Amino acid sequence: TDKFKTRRREDRLPPKSFPEYAQLYRGWAYWRQTRPPAELQLLVGSEDKHTYSLFPPLVAPSVSYWVPPRFFVMDMSEGKTFKSINQGNSRLEQLYAIMSYRATERNQSAAALAAVASSDIDAAGLLKDEGMVLVAQMILMGRCAAFIGSYASNVAVLVHDLMAHSRLLDGGRFQVLDVNGRSYCGCGASFCMTLEKKALRDPTRSTEDIVTSFHA
C-alpha cells in the first residue's frame with residue numbers, strides 16, 4: 001500500500017489512497033466471499049509503519065495482520081518520516097558504510113564485528129535479514145485467496161505467480177486486483193510500465209514493434 005505515497009518514474013498513473021485500497025477490498029469481499037467480513041483476515045504489507053495504524057480501521061471488522069516493522073532495516077526507529085521506498089536502500093547503504101569503516105578501524109571483518117556488536121544500534125541493524133523477511137512475507141501472501149495491490153511493484157508480480165502455483169496444486173481459484181486496473185505482465189514492473197507508456201504515446205505501433213525497439 002506504500003505506492004500511494006510515491007510512484008516509480010515509469011508509472012504514468014496517479015497514486016492511490018488508503019480509502020481506495022479499502023474500497024477495492026470491500027468490493028471483493030462483497031462479491032467474491034460468502035463469509036461475513038468479520039471472519040475474513042488480511043495480511044497487510046507496506047514500507048511505511050503508519051500504514052498499520054491507518055489502514056486496518058478502514059477494512060474493519062475484517063482483521064488485519066502484518067510483519068512487525070522492527071524486522072526490517074528501515075523501521076523508522078530513527079524517527080524519519082516515510083517518503084519513498086528508496087529510503088530502505090539508502091539506510092542499508094548507510095549501515096554497511098558505518099560497519100565497513102569500523103571494521104577497518106578495529107582490524108576486524110564487517111561480519112565478525114556485526115556478530116558481536118549486539119549493543120551497537122547500527123550494527124544490530126545489520127543483523128536483520130531483511131531479504132528473508134521479504135521472502136517469507138511474499139510466501140504468506142502467495143497462500144492468500146486474493147491479492148490487492150499494484151503491478152507497479154514487482155512484489156505484486158511475484159505474489160501473483162506464487163498464488164497461481166499454490167492454486168494449481170490445490171485446484172482452487174485466486175484473484176489479483178490491481179488498484180489501477182492493470183493486467184498481469186510477468187516481464188517485470190519497470191519494463192511493463194515503459195511498454196504501457198510507449199503504447200499510449202503512439203497507439204499505431206504494435207506490441208511486437210515496441211518490444212523490438214527496446215533492443216535496437
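In which sense do strand 3 and strand 4 pair, and over how many bridges? The tour below reaches that pair after an overview of the whole chain.

**Before selecting**

The model is predicted, so local features rest on a pLDDT of at least 70 and side-chain atom pairs on pLDDT 80 or more, while totals for chains, interfaces and linings use all residues. Residues are numbered from 1 along each chain as its sequence is written, and side-chain values use heavy atoms, with hydrogens and water left out.

**Whole chain**

Display the chain as a cartoon and colour by secondary structure. Ten helices and four strands are present; helices are DSSP runs of H or I with at least four residues, strands are runs of E with at least two, and both are numbered from the N terminus. Their order along the sequence is α-β-α-α-β-α-α-α-α-β-α-β-α-α.

Next, switch to a surface view. The accessible surface of the chain is about 13000 Å², and carbon and sulfur atoms account for 56% of it; the areas come from the Shrake-Rupley method with a 1.4 Å probe, and for residues only the protein chains shown count as cover. Of the 216 residues, 36% count as buried. Buried means under 20% relative accessible area, exposed means over 50%, and partly exposed lies in between, again with a 1.4 Å probe and protein chains only.

Contacts complete the overview. Among those between residues at least 6 apart in sequence, 56% join residues at least 24 apart, a contact being heavy atoms within 4.5 Å.

**Strands 3 and 4**

Select residues 146-149 and 175-178. These are strand 3 and strand 4, which pair in the parallel sense over four bridges; two strands count as paired if DSSP finds at least two bridges between them. The chain passes from strand 3 through helix 8 to strand 4 in a right-handed β-α-β crossover. Right-handed means that, with the strands pointing away from the viewer, the path from the first strand over the helix to the second runs clockwise.

Move to Met141 in helix 7. Is this residue buried or exposed? Met141 counts as buried, because its relative accessibility is 8%. Beyond its neighbours within four places in sequence, Met141 is in contact with Leu43, Gly45, Phe147, Val159 and Met163. A C-alpha to C-alpha distance drawn from Met141 to Leu42 reads 9.4 Å, although 99 residues separate the two in sequence.

**A nonpolar surface patch**

Now select Met132, Val135, Ile139 and Leu162. Together they form a nonpolar patch on the surface, with about 330 Å² of accessible area. Patches are made of residues with over 30% relative accessible area and no salt bridge; nonpolar side chains (Val, Leu, Ile, Met, Phe, Trp, Tyr) are joined within 5 Å, and like charges within 9 Å. Helix 7 (residues 130-142) gives the most to the patch, with three residues. Leu162 belongs to helix 8 (residues 154-170) and counts as partly exposed because its relative accessibility is 34%.

Also in helix 8 is Val155, which is partly exposed at 33%.

**A cis peptide bond**

Go to the loop between helix 3 (56-59) and strand 2 (63-65), where Pro61 lies. The peptide bond from Ala60 to Pro61 is cis, with omega near 15°.

**Salt bridges**

Side chains of opposite charge can pair when their charged atoms come close. A salt bridge is a side-chain nitrogen of Lys or Arg within 4 Å of a carboxyl oxygen of Asp or Glu, and by this rule there are two.

- Show Lys16 and Glu20: their closest N and O atoms are 3.9 Å apart. Glu20 is partly exposed at 34%, and Lys16 is partly exposed at 21%.
- Show Arg205 and Asp209: the N to O distance in this salt bridge is 2.9 Å. Arg205 is partly exposed at 28%, and Asp209 is partly exposed at 37%.
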